[in-house]
Amino acid sequence: MKLKEFQLEAVKKLFEAMETPARDIILKSPTGSGKTIILTYFMHQYIQSFPKTVFVWLTPGKGNLEEQSKAKMDKYIHASQTKLLSDVMASGFEENDSCFINWEKLTKKGNNALKDSERTNFLEHIQHALNDGLHFVIVVDESHQNNTIKADEIIQYFHTNKIIRCSATPKGIATAEIIEISEEEVIAAGLIKKMLVINQDFPQIIETENQTEFLLGKALAKQRELRSEFLKIDVDLNPLIVIQLPNKSETLQDSVERYLETKGLTYENGQLAIWLSDRHENLEGIDTPNAKSSAVIIKQAVATGWDCPRAYILVKLRDNMDETFEIQTIGRIRRMPEAKHYENDILDSCYLYTLDEKFTACVKMALNKGALNACTLFLKNEYKDITLIGEHRTMVTSTRNPQKALQAIASYAEKEYGVGTNKAENKTRLQTAGFELSEDIVKHTFSGETATLAFNSTDMNKIKVTERLDTHIHGRDYHQKIGKIGLEIGMEYSYMNTIIRKLFDKNFKYSRKILALEPRAVYAFVINNDDKLRYLVREAMAYEMAQLKMDIPSKSYYEFHIPQSCLFTYNGDAKTQHIMEKNVYQNYLSSAAPRSTPEVKFEKFCERSASVEWWYKNGDKGNEYLSIVYQDNSGKQKLFYPDYIISVKGEIWIVETKGGFDRSGNSQDIDLYTPKKFKVLKDYLTEHGLKGGIVRNDAATDELCICMDTYSEDINSDNWVILSSVLE
């Protein structure tokens, strides 16, 4: 299992939150962000650092989520020690257990999963564990569903001082530590689809004898299109249609089944599946990429927790009843099937078909800019031969390659501390650099007097406290420190431990070993110097990345052509829907969305300007769009996608739009990298003999201004000129 950068960062923040006084930790993560992977990886790492721990993972009652979560941990963490409620009832809680338990089997009135006598036994198992010195950490999955008195009563029995509550829509707890994963991070990592497309290519007026059949027909056509696109890239994946019915809708269910049968989808031939509370058919293996079923009928029960990454299309049917449907149903179709984008608009989007106006409005409100009307636009013939040179990244990261990390740390230690082959001399050099080389555990405290609590430690006496090393007692401290050092560079515990041992343990062979300590002494060395070791590995990897820039080309080049078609998203509720004739695509509408205010103003300017012959709105992610390479403030390579390519009297211009200046001249640009992007854009334009710059709006004059030569944050400087005066 290889975690994404944002997932590793979340694990690191969970470790940090466990050290705070707060009892509650809220992990707010969008559906599809790999919440289960993040938490199971964290649990596995935490148990290694803190023995005598038992994790209890509580799930809501629908969909056997506890079994799904346990199965994921068994799959990803091979050394895990997992249990269900039945296992706990049989053998109790044991050290290093991760127990997955359905809430409702403990709290729901009339649930026979636990009889009164068994409930007593369950509480006894908790007490036995506490008596044995075990401590519980509680994970509350889909916590927004279980914030009840009964649920809190169960939690209290565990006498825990740490509760991790996770949900895409958590309910606030005033004193909680909050770890939030943004939807943008998850999309950028390729885990969820870029766009939700609602009612694609629907006409303004729909005339149909049967609304259900109309929607299902659209969904089946989209399913065939997606299947064809996957086959073009040699991916054997059968996209799944999720058909959601309202509760108490037997008549509607019959009509859906009859229509699908006319299209060759039946339960008998395996192409249709159903998941209702009282009926399960063709569900085994439904989550495999090339499963036979092309559609599954569900009701509201599968709105939470169900994980089937090949699900691409949701058909939300109505039955003339006022019923509230959960937004989380959308999450069922947002996961990318292979946890990556295909750089194909069709495959990187998911699709909703519904005539339920309330539901559509609710989706748009919840997903904000992630849900818009959409249609496919085609490039006008006269612009098919336009060619520019784009740039791609070539820098490779060695952050999580254990062998390269070992070499980088050894190299950096030689550079930073001057260590070499002489171990005695190395010991002196490390001591000079502030490392503690005692074989005992060394801690520091202060003594003295103070009249106020706001005292300065430099006024106190510093006291050195030594404690004889006991590997049994201090082993957990060692494992915890190694885990934290590894998290600095996203390195798994076992690899980080091997790296430290190769560098400092005499029993591990390595030609560039820094010290040759006895295995016991390595424990003391790591515990006494964990801060310095964390600094060493972090700086070593940063230095390594800096060296890589010198060893390999900083970028590669490719030939860019405007894509032949695009998935065009727009606001269907906008009052004006006129076609912008100068855009390179046919039928590009003025209600294009999402668009920032500067982008809207710039597009209107291009349409009005006599000197602008045509214009193209570039995408913001993907190999099919024009990109330029730049480096962020940490030296990491990133791709910059300029907003617009335009033609002015036969010359190509490239323009980036940014937040404007308010009436007082204060900047409203939130992009920290604008000066950096201006420089790389200017260098690119110079290299290829093109024109362009950065355009921002001046609220004082309500004029678009362009900066072309030297970037400035002062709108009143001569570096900014009115755009209309340049493009006359």
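The legends below describe an overview and two close-up views of a predicted model.

**Figure 1. Overview of the predicted protein.** The protein contains 20 helices and 28 strands (DSSP runs numbered from the N terminus; helices are H or I with at least four residues, strands are E with at least two). Of its 728 residues, 52% are buried (under 20% relative accessible area, with exposed over 50% and partly exposed in between; 1.4 Å probe, protein chains only). Among contacts (heavy atoms within 4.5 Å) with a separation of 6 or more, 70% join residues 24 or more positions apart.

Residues are numbered from 1 along each chain as its sequence is written, and side-chain values use heavy atoms, without hydrogens and water. Local features need pLDDT of at least 70 and side-chain atom pairs count only at pLDDT 80 or more, whereas totals for chains, interfaces and linings use all residues.

**Figure 2. Helix H12, residues 402-417.** The end C-alpha atoms of H12 are 22 Å apart, which agrees with the 22 Å that its 16 residues should span at 1.5 Å a residue (1.5 Å times one less than the number of residues). The buried residues of H12 are Ala405, Leu406, Ala408, Ile409, Ala410, Tyr412, Ala413 and Tyr417. Gly418 follows the helix and has a positive phi, near 70 degrees.

Figure 3. Gln223 has a relative accessible area of 7%, so the residue is buried. Leaving aside residues up to four places away in sequence, Gln223 touches Asn238, Pro239, Ile241, Ser294 and Ile313.
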